[in-house]
Amino acid sequence: MSTQFVAVQWNPFKKKYDLILWLGNLIFLSTFTITNLILFPHHNINTILIRGLGLLSVLLLHLILIIGPLSRLDSRFLPILYNRRHLGVSMFLLAASHGLLSLLWFHGGGNTDLLSSLFLSNTHYFSLQFFPFQTLGFAALLILAMMAATSHDFWLGFLSPLWWKAMHMLVYLAYALVMLHIVTGILQFEDDPLLICLLYAGMIMLCTLHIFAAWKERKPIAKQKDWIPVANLDEFIENRAKTVCVNQRRVAVFLYDGKLSAVDDQCKHQMGPLSEGKIVDGCITCPWHGYQYRPEDGRSPAPFTEKVATYRLALDHGKVYIDPNPLPEGTPIEPLQTGQASSVKKDQPFFIGWQNRTNKIQLAFLKKVIVTFSGFLLLMAVTTSLKQQKISHFQIDYGTVRKVEGWLSAKPVPMLTVLTGKDGLGNPVFKSILLVDALKHGANETVNKALHGASSAPVSIMGYVGTTATPCGNGHPEASAGCLTTISGEHWSPIMEIENGVLSINPIPAPPIKPMESIGEAKKQITLTGEIIDPKCYFGAMNPGSGKPHLSCAVRCIDGGIMPVIKFQANGIEQFALLLSETGTPVNNQVLPFIGLPVKVTGKLSAYNNWHILYISSLETNPNKSWTSSAF
Amino acid sequence: MQMTLAIYVLIGILVALWFCLHRINRLPGMEVKPTWGFRLIILPATVLLWPAVIFQLNKRP
């Protein structure tokens, strides 16, 4: 409480509080990241950070919201409440990092701006299952940003306590949005029952504590006109208050130095309960942030200007009565003399944050709470890591530029056909690697420029490929296209990002064997059920590269020219087919509304080296939501 | 969409600079000049809520 506005009113307790908080955050994030990297070495570090930051923000949001009712139910939690503002700002910074990373990762690098991509990539606004969940997170983040930015007492006074409190009550709306963001987002992908149970347990705990705290504070509804009893005099504790509800207002009646005074229960700072405070240095001291009021006139000592309403009291046959009509705020009123020394009863310790002393009992309790919560955080970091799905076989190795030689062709899609070895009869085996440009762009233009009108040409290309340490055929989706072993023995995903556009494609003397250029003859009509993915993300640029969390990103990639691929199951094996129109032209625009959804695609199936090609005649969402194909 | 947001933020920055550097000194309770750290810390909220800031200033005498 100073007369000059400063950035942060630091005191030793706040410094310790922040130190413990950020140490806890760092330990959680480190544990989560390391556990993920050990368990899932092919998960992208951005994905791990996005998940870790999101999870930590949600855990802190729960802590922020339960600490209020917990403190009402047990005053030993008050020290945690004291610096809740810093807890809230820290939580916002973590949530903002989660949001920013997600926005850049899933929506950046495409052919539209970030915000348009956020709101318009996934347009299933009328579907609960496919709702664009990221918009819910964005809305929650806006509320949290508004709250964090106005977390200074200056804004409380400038915007008026009523508006400020109303704005900060929006945290419950933000909480609801966050819960919906999770339920319609990651839980549509990660469906482990434990994760779902943990989320609902948090929600139930939060609601239960709020109901209990509200029950404790319930107020009579009837309008009271006559003097009403407060309590017997011998029930009062020195320097503490008894609470009484008059005309739906809570009033705190304090006993001190053989006198009684009554003031409105609501602190002017953040509406803390003065009745749970204590008389310290002759002033009623709010338990939340230590704001003070004189009991005899309800005014803060100079130079402060806060004031609360006062009430008249009377004593009759050892019973204290109160006049239900409040006096104007700050009205001086003679304290009621009790005429006897007050009985001193055993009192609970009282915490004032700005005083540099903490009671030993409180300190011991705080230590227990910190140790328990830290243990819980670590348990959550490990449990949630363990319960994740394996979301990728490959990761594009952006640390190494590889030179790959083969036959470049623009049809049916931009690809490089490379010699990968010989079959049992000694015939050469060719596999085709799909070519894409940087970020979320297809390579049609680049490849056409490099070919100068030719249908194919031998070239070397500098670029990045998806790699894995596990050999193809050992759990990889290798059956049709998903994994290839090079002559040098490396295991690659069938996708390559050209390093520097057309500049990285160089003609070379033709290799000794030229692969067959013709595409296999299309067979009879076939129906495949599965999910339309963008192969760049699925095969290592991003993970997860399919499902609900990746839907918007896949839309951006395919809208940016990357060839659409359908992922389907046949005979229990994951397989892939490039999607083209019946005339062999790209179908990127037609498939946009169906990306990430369970779909049923009908067309004629053909083959090109390791790839299936489906010339589609019809495309619809799959009402059975089945992911397997019985026709293939 | 991004352009609309950029315009909103740009106006917010201008209002915030004027408010935090100049107008704030004339507010009641600012007899002792606020610190630079304080001015910096209220800057983001002013950028974000500049219409509310102008509304509140207009309400005051």
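# Strands of chain A, helices of chain B

Q: How many bridges join strand β2 (residues 241–246) of chain A to β3(A)?
A: This model is predicted: local features need pLDDT of at least 70, side-chain atom pairs count only at pLDDT 80 or more, and totals for chains, interfaces and linings use all residues. Residues are numbered from 1 along each chain as its sequence is written, while chains are lettered from A and ligands numbered from 1 in the order in which they are written. β2(A) and β3(A) run antiparallel, and two strands pair if DSSP finds at least two bridges between them. The bridges joining β2(A) to β3(A) number 6.

Q: Which residue in the hairpin of β2(A) and β3(A) takes a positive phi?
A: This hairpin has 2 residues between its strands. A phi near 45° belongs to N247(A).

Q: Which residue of β3(A) is the bridge partner of K242(A)?
A: β2(A) is joined to β3(A). There, K242(A) is partnered by V253(A).

Q: Which residue of β4(A) stands opposite Y256(A)?
A: β3(A) also runs antiparallel to strand β4 (residues 259–264) of chain A, with 6 bridges. These two strands form a hairpin, and D257(A) in its turn has a positive phi of about 45°. Opposite Y256(A) stands K259(A).

Q: Why is strand β3 (residues 249–256) of chain A largely enclosed by the rest of the structure?
A: A residue is buried if 20 or more other C-beta atoms, placed from the backbone, lie within 10 Å of its own. β3(A) has 8 residues, and it is largely enclosed because the number buried is 6.

Q: How many helices does chain B have?
A: Helices (H or I, at least four residues) and strands (E, at least two) are DSSP runs, numbered from the N terminus. The elements of chain B run α-α-α. Strands number 0, and helices number 3.

Q: How far apart are the axes of α1(B) and α2(B)?
A: Axes are lines fitted to C-alpha atoms, for helices over the stretch in contact, and angles run from 0 to 180 degrees between N-to-C directions. Helix α1 (residues 2–21) and helix α2 (residues 36–48) of chain B pack at about 140°. The distance between their axes is 8 Å.

Q: Which helix gives the most to the side of chain B that touches chain A?
A: Residues are in contact if their C-beta atoms, placed from the backbone, lie within 7 Å. 17 residues of chain B contact 19 of chain A. With 8 residues, the helix that gives the most is α2(B).

Key: A residue is buried if 20 or more other C-beta atoms lie within 10 Å of its own, exposed if 12 or fewer, and partly exposed in between; C-beta atoms are placed from the backbone. Two residues are in contact if their C-beta atoms, placed from the backbone, lie within 7 Å.
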